[in-house]
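User: Got a structure here that I'd like to talk through. Can you take my questions one at a time?

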Amino acid sequence: MKIHITRSRLVVLVPCALIVALAIWTPLFSNLLMLAMDRENFIPAESSVFSFEPVAVNQGSSNYWIYGQDRTHYFHFSYEPAVPYLFIFKSNTCPGFDRLNVKTWCSAKPGAKS
């Protein structure tokens, strides 16, 4: 049995397959939902909506991220308007480093809201 796919079906199937792939292999849709639900949320400038993943989220009335990560960095939301977050490379050499405890981050850098 041969399956014949017409050009018009391909025009529909290819974009649908790309959307499904983005939903499965990136945090794009969850990040867009997070940004839409709470205007105070943001993605760090060193990251992107395709790679940023919240690791710890505030459990109060606002669901903003407290700790996050992407392929190369860890992030901590600092609650400070001048320096809204700190970030550190995953490949750091901090003794006793804990990605969920900013007090162990020996070489953290300040980030600026983009």
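User: Tyr-64 to start. Buried or exposed?
Analyst: Keep in mind that this is a predicted model. Tyr-64 counts as buried, because its relative accessibility is 17% and the cut-off for buried is under 20%.

User: And Tyr-79, what does that count as?
Analyst: Partly exposed, since its relative accessibility is 46% and that class runs between 20% and 50%.

User: Where is Tyr-79 found?
Analyst: Tyr-79 sits in the loop between β3 and β4. Its phi is near 70°, a positive value in a residue other than glycine.

User: Back to rings. How many aromatic pairs does the structure hold?
Analyst: There are 16 aromatic pairs. One of them joins Phe-42 and Tyr-85, and it is tilted, with 5.7 Å centre to centre and 40° between the planes.

User: Which parts of the chain does that pair link?
Analyst: Distant ones. Phe-42 belongs to the loop between α2 (28-37) and β1, while Tyr-85 is in strand β4, and 43 residues separate them. Both Phe-42 and Tyr-85 are buried.

User: What about Tyr-64 and Tyr-79, what's the geometry there?
Analyst: Those two form an edge-to-face pair: 5.7 Å centre to centre, 85° between the planes. This pair also links distant parts of the chain. Tyr-64 is in the loop between β1 and β2, Tyr-79 in the loop between β3 and β4, and they are 15 residues apart.

User: Which residues form the aromatic cluster?
Analyst: One cluster takes in Phe-42, Phe-52, Tyr-64, Trp-65, Phe-75, Phe-77, Tyr-79, Tyr-85 and Phe-87.

User: Trp-65 then. What is it in contact with, beyond four places in sequence?
Analyst: Its contacts include Phe-42, Phe-52, Phe-75, Phe-77 and Tyr-85. Met-34, Asn-41, Pro-44, Pro-54, Ala-56 and Val-57 are also among them, and so is His-76.

User: Which strand does His-76 lie in?
Analyst: Strand β3, residues 73-77. His-76 is buried because its relative accessible area, 11%, falls under the 20% limit.

User: What lies 3.4 Å from a polar atom of the His-76 side chain?
Analyst: The backbone oxygen of Ile-66.

User: How many bridges pair β4 with β5?
Analyst: Three, in the antiparallel sense, with β4 covering residues 85-89. Phe-87 has Lys-109 in β5 as its bridge partner.

Terms used
Residues numbered from 1 in each chain as written. Predicted model: local features only at pLDDT ≥ 70, side-chain atom pairs only at ≥ 80, totals over all residues. Heavy atoms only, no water. Pairing = 2+ DSSP bridges. Helix = DSSP H or I, 4+ residues; strand = E, 2+ residues; numbered from the N terminus. Buried < 20%, exposed > 50% of the residue type's maximum accessible area, 1.4 Å probe, protein only. Polar contact = N/O pair within 3.5 Å; in protein donor to acceptor, adjacent residues only side chain to side chain. Contact = heavy atoms within 4.5 Å. Phe/Tyr/Trp six-rings, centres within 6.5 Å; stacked < 30°, edge-to-face > 60°.
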